[in-house]
Structure formats: C-alpha cells, structure tokens
Amino acid sequence: MEKKETLKLYYQMVLIRRMEETAAQLYQQGKIGGFLHLYIGQEAVSTGLISARQPQDKVITAYRDHGVAINCGISIKSVIAELLGKATGCSQGRGGSMHMADVSKNFWGGHAIVGAHLPIATGLALTDKYRGSNGVTICMFGDGATNIGYFHEAINLSKVWNLPILWVCENNEYGMGTAVERASAVSEIRQKAEGYCIPNDHVDGMDVLKVRQIALEAIEQVRKGNGPFFLEVNTYRFRGHSMGDPERYRKAEEVKKWQEEDPIGIFHGRIIAEGGATADELEAVEQRAEADLEAAVQFAESSPEPAPETLFDHIYADS
Amino acid sequence: MAKITMREAISQALWEEMERDPDVFILGEEVGVWGGSYAVTKGFYDHFGGERVRDTPISEAAIIGAAIGSAMTGLRPVAELMTINFAFSAMDHIVNEAAKLHYMFGGQFILPLVIRTVGGGGRQLGATHSQSPDAIFAHFPGLKVVAPGTAQDAKGLLKSAIRSNDPVLFIEHATLYQVRGEVPEGDFTIPIGQSKVQREGRDVTIVTYSKMLETSTKAADELAKEGIQVEIVDLRSLRPLDMEPAIESFKKTNRAVIVEEGWRSFGVGAEVESRLYEAAFDYADAPIQRVAQKEVPLPYNRNLEQLALPQVEDVIQAVKEVL
C-alpha cells in the first residue's frame with residue numbers, strides 16, 4: 001500500500017477515536033441529546049471496509065454510524081453538527097446520532113431499528129441490478145441484528161434474486177448486554193449465511209489491513225455478478241452499548257484484554273515495524289486529526305439551530 | 001365512457017404506467033407467474049418479463065424494504081401486499097421507514113413507492129383476513145393513504161400514486177373488484193388528497209369512503225323513496241385528508257353520518273366527526289352519528305359476520321337518528 005493511503009487510514013481511525021471521545025464529553029455536557037452509541041474499538045472495521053469500495057458502491061449501516069459516516073467521506077463538521085442537532089448537520093438536525101446520511105457520498109444512512117435496514121439494502125442493490133450498473137451495496141449490521149426476522153428475509157431474498165450485496169456483520173460480542181452465545185443459536189454468525197448458500201468468510205476486525213484486503217476481494221466477487229457475499233468481522237466495543245450502559249454483563253478484565261488489541265495501536269505498531277512511516281509522521285497525523293476535530297466542534301457549536309419554520313419541511317416530497 | 005370493473009381499472013392504471021415509465025416495476029407474492037392473487041396483474045409477467053414483474057418469497061418486510069431501497073435510489077416500485085392483514089408483518093417498514101426516511105434525512109432523497117393492498121371483510125375469511133385497519137396507517141405523517149370506492153377513482157388515483165414522489169398506501173377492497181363503473185378511456189389522473197361529493201342532496205350528509213360508499217349509496221337510494229335527500233362525500237384519501245367538501249356539505253345540511261367499515265374506536269369516523277365539530281360546531285342541528293363495524297374480531301359464520309359489518313339498514317337508521 002502507498003504511504004499516502006496508509007496515512008489516510010491511520011488519520012481516519014484516529015479522527016474517529018477522537019471524535020467519539022469528544023462526543024462522549026459533549027453528551028455529558030448535555031449538548032448531545034437522545035442516545036449516543038460510540039464506535040470506540042471498532043474503528044478498523046468500517047475504515048478497512050470502506051477504503052475498499054469504489055465510488056459507485058453504496059453503504060448502509062445501523063445506528064452506530066458516526067464512524068461509518070466519516071469513512072464514507074462526510075465531513076467531520078457536518079457529523080458533529082448533526083450530533084448537536086444543528087441545521088448544518090448532514091441530516092439538517094432531523095436525524096441525530098443514529099440517523100446520519102449523505103447520499104452524495106453514497107452513504108444511505110444510519111438506521112436505528114435493529115435489522116430493519118437489511119431489507120432496505122436489498123432494494124438499494126436491486127436498483128443496480130435493475131439498471132445493469134456495476135455498483136455493490138455494502139450493508140453493515142451488528143451480531144444482534146442476525147436474530148431478527150428482517151435479517152433472514154433479507155439475506156434469503158438477496159440470494160434468491162442474486163443481488164450485488166456485501167453483507168457485513170460487525171460481531172462485537174454483545175447485542176446491547178446480551179452475549180452472542182446467549183442470543184444466537186450459532187455463535188459463529190457466518191454459519192447463518194451458510195444456511196442460505198451464501199459464500200462467506202470471517203476476519204479479525206481489529207486489523208484494518210486485514211479487513212481492507214478481505215473487503216477488496218469480497219467486493220470484487222460481488223461486482224462480478226456472483227450474488228451476495230457475507231463477511232463476519234470480529235471486533236469489540238471498548239465503551240458501553242450506549243452512554244447509559246451500567247456494563248453489568250461483562251467484566252473489566254475482559255474489556256482490558258480486548259483493549260490490548262486496540263486497532264489503532266496495532267496499526268501504529270505495524271506501520272512503524274514495516275517502515276511505512278515514522279513515529280513523528282504518525283504524530284503529525286494525530287495532530288492534524290485533533291485540529292480538524294477542534295475546528296469541527298467550533299463550527300458545530302457556532303452553527304444555527306434549525307429554524308422553527310422548517311419544522312414541517314420534508315414530510316412529503318410532492319408540493 | 002366504458003363501463004369496466006374496478007379490477008380492470010386498477011390493472012389498466014398499472015399497465016399504462018409501466019408502459020409510460022421504465023422505472024416502474026411490480027414486486028410481491030404471486031404477482032408474476034400466478035397473475036396476482038386477485039388477478040389484477042394477469043398477463044403482466046408475459047408482457048413485461050420477470051425483471052419488472054418480480055415474484056417474491058413470502059417475506060412482507062423484505063417486499064416493502066426492497067421497495068423502499070429501490071425507491072430511494074431512483075426506481076418507482078409498486079409493491080403488492082396480498083392483503084392488508086399481512087401489512088402488519090411489514091408494519092415497521094411501512095410506518096417506521098417509508099413514512100419517515102425522507103424527513104429524517106432532511107429530504108436528501110425521495111421515496112416514490114406505492115404499496116397496493118387489499119382490505120375489508122364480508123367474504124367469510126375469519127378474523128385474521130378480514131380487517132379494515134385503514135385508520136392505523138392514516139395515523140402516520142409521511143405516508144399517504146388512498147382508498148378508492150369507484151372504478152374511475154381507482155384508476156386515476158393509482159396513476160397519481162405511481163407518479164407521486166411520496167410513499168402511498170393504496171387500499172383496495174376485496175368485494176369491489178367486480179363492481180363496474182364508468183371510466184374514461186386513456187390517460188387521466190385524480191389528485192391524491194381530494195374528497196368528492198359523489199351524490200348531491202339537501203337533507204343530510206354522509207361522509208364515507210371505499211366499500212362503504214356502495215353501502216351508503218344503497219341506503220341513500222332507499223331513503224330517497226321516502227323523500228330524504230342524502231348528500232354523500234367520498235373521502236377517497238385518508239391522508240392527506242381533505243375535509244372541505246364534507247364541511248361545506250355539513251354547513252348546508254346541518255346533519256351528518258359517518259360510515260366506515262373499520263371499528264368505531266379511534267377510527268376514521270372519530271377523526272372526521274371531530275374535525276366537523278371543530279370547523280362547524282354551530283351548524284349542527286343534531287349530534288353527528290357514526291356507523292362502523294361492531295367491536296369484535298370478525299367471525300367466520302356468515303350470519304355473525306354480516307351482523308358485525310355495517311349494513312345498509314344501519315346507515316338508514318343512523319340517518320333517521322340525525323333527522
């Protein structure tokens with residue numbers, strides 16, 4: 001991989017980590033309302049995955065979407081502004097943390113009903129098939145989503161219709177506070193894809209380059225018209241499910257053990273070891289991410305609230 | 001004007017819109033090879049092919065989800081749910097996704113999708129297959145809900161629904177498919193969200209829609225024999241709800257009966273009655289009456305089923321109550 005690309009991936013991961021830490025602070029200050037689900041620990045998943053897509057490839061995900069939004073190319077300014085509910089947010093302050101989208105970046109949302117966006121993903125992919133274009137739909141979801149009926153309806157349909165979809169399960173071990181083995185009849189999620197005759201693979205989600213490599217291969221498979229592919233990415237969230245999580249379902253030692261597998265730390269070590277960049281160069285990247293984040297928070301805080309007269313805008317598209 | 005059945009009218013609208021716009025396609029259970037469980041899409045599969053007339057598995061959430069996703073990205077799907085009772089299996093996608101995504105993402109994309117479905121009782125299908133839950137769907141801003149009572153309205157409204165850039169739930173009635181009505185030849189549309197006076201009269205206003213338009217018309221015919229002139233306002237769309245013709249009529253007759261097939265509690269009649277009072281309380285010469293389905297899960301037995309459903313006699317009685 002070229003140095004420029006390496007540094008870009010590193011920048012994305014550091015920016016997302018710092019963004020999420022800052023979001024937690026803004027939440028505690030009461031500046032972010034509602035629910036807030038942080039992506040800390042899972043940065044390598046969408047960073048590696050989305051770095052492998054082409055511009056015509058669509059991305060759709062669940063509610064833990066800030067990092068995915070950043071990786072799709074939405075500016076940090078409009079992500080923070082959306083968190084603060086400002087008019088300059090990517091969803092104009094109407095969506096909030098769980099509902100970010102920017103279709104100009106082929107990012108089709110942040111969807112907050114668990115599993116409900118999987119059937120929608122089949123529709124995104126159907127449009128490409130219908131028009132004969134070569135786009136691939138990348139649909140991300142958590143392990144918990146694989147227990148709801150929508151999952152089974154959607155992946156069955158994707159196979160029956162041979163749709164160009166890459167299903168990506170971010171298995172972070174818990175659906176809220178319920179461990180995978182307490183909720184799913186199979187603990188290796190990709191076995192569910194196996195049941196629908198969908199080719200599948202799994203990858204260590206704490207290693208951004210491994211994720212990127214497998215995603216490159218999977219996306220090309222799908223693009224060739226081979227139908228859906230299912231990728232299970234094993235990862236872990238270092239913070240609670242959301243900000244209001246007492247974390248009674250896991251032990252501090254378990255979290256600590258995973259934190260030793262920090263995806264940013266792993267990537268940092270690998271870049272240095274392989275001579276991809278120097279420690280100083282990586283520090284410069286970290287400083288740039290910090291500066292961009294600070295500017296974004298400033299931008300968001302000084303942005304206007306949505307005007308009251310816009311309350312009824314966009315309920316319907318027809319005039 | 002040709003006299004055709006409502007089935008033919010709906011079928012014509014679909015056919016003509018598919019000929020007009022290559023982005024329009026149909027998906028649903030048994031819409032293709034079978035020809036539609038109510039035979040509305042008979043012949044479509046052979047003419048348009050399997051890419052545009054897509055048979056689906058029995059997966060209501062996936063049907064509506066796929067319709068939403070393809071509409072978001074530029075197609076104009078017409079999804080068929082075999083009956084409105086099965087819409088509950090896709091409830092999240094209808095009311096929580098289709099009705100909200102345009103707003104929630106700040107209008108970034110449109111959702112030009114139509115969900116055709118079939119409601120109503122009276123065919124001895126039992127409690128799970130005979131419902132008229134129209135009011136539930138009309139509750140949600142972001143969704144449009146249309147329920148025609150004549151062949152002409154069915155054709156014109158379905159064409160408007162397909163051309164609309166918003167999600168439209170298009171509710172047909174299982175016992176109206178064979179009913180004939182005059183329908184203009186060729187291309188015409190009827191705007192969504194416009195009620196219509198289907199029959200003029202000076203003595204009492206009936207506000208109704210869908211199958212109950214037929215029931216109310218029969219009641220009006222009977223009442224006419226006694227010299228009672230009934231005016232019938234057909235809502236045609238439940239959301240957006242156009243109250244103007246009903247309010248104007250009520251101001252003229254000062255008496256109103258609302259007739260719906262669904263249950264009375266929290267129903268269409270409750271909403272319409274409330275709006276009539278809000279807009280024209282001073283015009284009321286008698287308390288407004290509602291005719292609705294009796295509050296039981298609809299039984300299979302024919303006599304019991306008919307007892308529970310609103311009948312012509314119930315409408316006549318309610319009209320006499322307000323006179």
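The bounds, which come from an automatic or database domain assignment, are 2-183 for domain 1 of chain B and 196-322 for domain 2 of chain B. Taken over C-alpha atoms, the centres of these two domains of chain B are 26 Å apart.

## Numbering and confidence

Residues are numbered from 1 along each chain as its sequence is written, while chains are lettered from A and ligands numbered from 1 in the order in which they are written. Because the model is predicted, local features need pLDDT of at least 70 and side-chain atom pairs count only at pLDDT 80 or more, whereas totals for chains, interfaces and linings use all residues.

## The sheet of chain B

Chain B holds an open sheet of 7 strands with mixed pairing, in the order β3-β2-β4-β5-β7-β6-β12; strands (E, at least two residues) and helices (H or I, at least four) are DSSP runs, numbered from the N terminus, and two strands pair if DSSP finds at least two bridges between them. At the edges stand β3 (53-55) and β12 (237-239) of chain B, each with a single partner strand, so one side of each is left without a neighbour in the sheet.

Strand β6 (residues 144-146) of chain B pairs with strand β7 (residues 168-173) of chain B in the parallel sense over 3 bridges, and Val146(B) stands opposite Phe170(B) in β7(B).

## Leu158(B) in helix α7

Leu158(B) lies in helix α7 (residues 151-163) of chain B and counts as buried because it has 28 C-beta neighbours inside 10 Å, the cut-offs being 20 or more other C-beta atoms within 10 Å for buried, 12 or fewer for exposed, and in between for partly exposed. Leaving aside neighbours within four places in sequence, Leu158(B) is in contact with Ile10(B), Ala13(B), Leu14(B) and Phe170(B).

Note on methods: Contact = placed C-beta atoms within 7 Å.
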